[in-house]
Amino acid sequence: MTHRFSLGIDLGTSNSAVALTDLENDETAIVDVTQIIGPNQVGEKPTLPSALYIPHHDEFPENSFTLPWDDGDGKTTIVGQFARQHGALVPDRLVTSAKSWLSNPHMDPRKQILPWKSDIEEDKISAFNCSRFYLEHIKDGFLYAERTEGREWDLADGQVVLTVPASFDEAARHLTAEAAEAAGFHDVILLEEPQAAFYAWTSQAGAEWRSQVGPGDIVLVCDLGGGTADFSLIAITESEGTLDLERISVGEHILLGGDNMDLALAYTLRAKLDAEGTSIDDWQFLALVHAASTAKVALFSDESLMAAPIAVPSRGSSLMGGTLSTQLERSTLEQVALDGFFPLTGVTDLPQEGRGAGLRELGLPYASDPVVSKHLARFLTRSLTNVRASEGLKSLVGDPDSSKGFLAPTAVLFNGGVFNAAPIRQRVLDLLASWNQGRPVRELEGFQPDLAVAKGASFYGRNRVTGKGIRIKAGAARSYYIGLETSMPAVPGFKPPVKALCVVPQGMEEGSDLVIEGQEFGLVTGQTADFRFFSSEVRSGDTPGEILPDAERELDETSALEVDLPPVEGFPEGQAVPVRINAVVTELGNLELWMKHTNSDHRWKVEFQVRTE
Amino acid sequence: MRAVSIIAAFVLLALTTLLISIGLNYVPQAEAYEFHVKVAIVAIAAALLIAILFNRRPAAETQDVKAEAAKPVPIPVAANQAEAEVVSFLATLQEKGRLVDFLMDDVTAYTDAQVGAAARVVHAGCKAALKEHFAIRHIRDEAEGASVSVPAGYAADEYRLVGKISGEPPFSGRLVHAGWKIDSVKLPRVLKTSDDRLPAIAPAEVELK
């Protein structure tokens, strides 16, 4: 099949973007997304806010939200700019962070539970459908935008690359791919966001990038978006004169980002206004968050400013009578944004875990510790554990010194709006140097973080279909395990540990297929069998078929697995069929598990089912 | 009606420039100018409204703006579509920069500090709207006051020559005002309007408990 284009989609937690590479002229550009700007108003924006609004039936005039590609009986929900802006004032009807709900292990992403904790009478929506709607909007918007420019694309002629956080486990990746399929994209390749940022950098820096990194380098990709932090390490080695890149470690899913910083600044300013005897309402607080964000950018980009003015408009129509003014001082900004989120803490200073808190409100598992420095320390500490667990990785990074307690990167690639601020980048470099006995860590230069993930994804798709350009060796980011109930005599008050059978090793590559020998299961036809499913991002040394004694202690539970054995000819109903586990990573990088009949080629697919508690 | 919007934008620009001068240089002696400021604001407001109300042009004329021609509006054009589009642009300035609130208020009742604080809201919001929807730049990049040369074959609508004009271009002289121009326009489109009335600039807001 010949491809005519590559389409990179960054389905972000707070904003989505799409980039197109036309393979004929090899040019990559962001495609503006047509969206609802207001009732009866549409316009183009470079990003599509990942927000969905469910309007009340009397709230707006009929058919006020018709998109140019709507066929008439369109959806009642609104996606994008207006949804986010208006929904901020009507939070009961606004869905945001659907992506984080998709990766929430405690909630069924197909259950219609969003907006979370809302009492609206209209049908609620599931995180899965919400993601599907964003992707449908992106698909239709892309086709429409290109058509108005006189270009007709057939989606079947393109390679679509969709980015996901490196911290997404297989269940969340699977759901994302399925949402894309449901939205009308086929054979989508998933790419980890930090890798996409790296590809974007290599394409922006041109041939120059090879002079900035060399064999022996370990690059930390530090991606801080609006709502999430995502870390990865990429090791650079040399073989036969060319540079090889391998992603050696990925971080955990951390719900902490630039929005937290703006909120923290706004709370500080509100306290100041309160102390002066002025109180503001919720609407004004939203305006204050926005103003604080603007003031932050102004102060960080001009070091000579000591303070930035802040004006919070009145809610009513008398602007001059009701506008409150205050200012954001540089000292406050540094105290809140730099010392609050990026203090110079030690590398052994790890985030406080909120898990031991007993009863916990269900909802999004926001990071309970806002200190990014500590999350970074935890990531680098766990990376060392992971690298030391396998001989292959150990030799790749030159057998790291474990006495330091963490894997020290030699260079950093920053991504995400937060790092537009030079003082924040400098603080992270200072932090890494302080952990590294004062030895400086380089910043990779020539990077434009704006919309880089979408561009990098498009660029990666181009590399894949043309066979040109670089590829980061990645494979499965985690190892995966199936829980085995231990058979032992029942003892009151003692729960026997669940053993774990490794079925997918970390780094398992695209297009590979393996059968776990020596471990047979009996599946009964006509019945559904459930398995517990675990993963780990720090056990690079585990091999397929290996059994760990205690899954709950050493691994993270990912989801439940379900396999349904329909009565098949040759296998009488009710009879136990001996099967082995067959793990496949497809050419597109999707993980599939199958139960394969021991004595024939019959096999049954195992479905991921998200755990609900 | 795009042309009207552009005129509105120019008027707005003049207004924001004025606001910077009154908003940012708020010093006691500015009171001396207060009368002029008020007169200017009122005059500009009037100019804006006149431009909007009387500059009715058929929609067909707007296709000469390049960015628009590339993205045709597939919706049938209602009789008052042109007016609706101007109102919609005004609504954007109101929403982002509270422009209508600012102009319709009685400025005499407030202190300079209050006017200054409100001006910051108007300036920040309208400037963002302007930059989002128009690719706007100076006609001349030189500093005002510098000596410049106006080349032969210059676009006559982009220059206003004052003083002693004689002979053939190139002319040289002192740059008094650097001028402004727009390279492209990217306005939100109004989908559908009612035939008998125009859309609201800002809806009345009612908070339900």
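Hi everyone, let's start at A:Lys111, which sits in the loop between helix H2 (98-102) and helix H3 (127-148) of chain A. Helices here are DSSP runs of H or I with at least four residues, strands are E runs of at least two, and both are numbered from the N terminus. Before going on, this is a predicted model, where local features need pLDDT of at least 70, side-chain atom pairs count only at pLDDT 80 or more, and totals for chains, interfaces and linings use all residues. Residues are numbered from 1 along each chain as its sequence is written, chains are lettered from A and ligands numbered from 1 in the order in which they are written, and side-chain values use heavy atoms, with hydrogens and water left out.

Back to A:Lys111. Leaving out residues up to four places away in sequence, A:Lys111 touches A:Ile125, A:Ser126 and A:Ala127, where contact means heavy atoms within 4.5 Å. Its C-alpha atom is separated by 28 Å from that of A:Val498, 387 residues apart along the chain.

Now to another lysine, A:Lys99, in helix H2 of chain A. Is A:Lys99 buried or exposed? A:Lys99 is buried, with a relative accessible area of 9%; buried means under 20%, exposed over 50%, and partly exposed in between, using a 1.4 Å probe and protein chains only. The A:Lys99 side chain reaches the backbone oxygen of A:Leu11 at 2.8 Å. Again leaving out residues up to four places away in sequence, its contacts include A:Pro165, A:Phe168 and A:Glu193.

Let's move to the interface. Chain B brings 29 residues to the contact and chain A brings 32 residues. About 2,700 Å² is buried between them, with carbon and sulfur atoms giving 50%; that is the accessible area (1.4 Å probe) that two parts lose on being put together, summed over both.

How many salt bridges does the rule find across the interface of chain B and chain A? There are 5 salt bridges, each a side-chain nitrogen of Lys or Arg within 4 Å of a carboxyl oxygen of Asp or Glu. One of them joins B:Lys186 and A:Asp32, at 3.2 Å, N to O.

On the side of chain B that touches chain A, the elements giving two or more residues are helix H4 (81-97), helix H5 (99-104), helix H6 (112-133) and strand S5 (189-190) of chain B. H6(B) gives the most, with 8 residues.

Finally, S5(B) pairs with strand S5 (residues 41-45) of chain A in the antiparallel sense over 2 bridges; pairing takes at least two DSSP bridges between the strands. There, A:Gln41 has B:Val190 as its bridge partner.

How values were computed: Polar contact = N/O pair within 3.5 Å; in protein donor to acceptor, adjacent residues only side chain to side chain.
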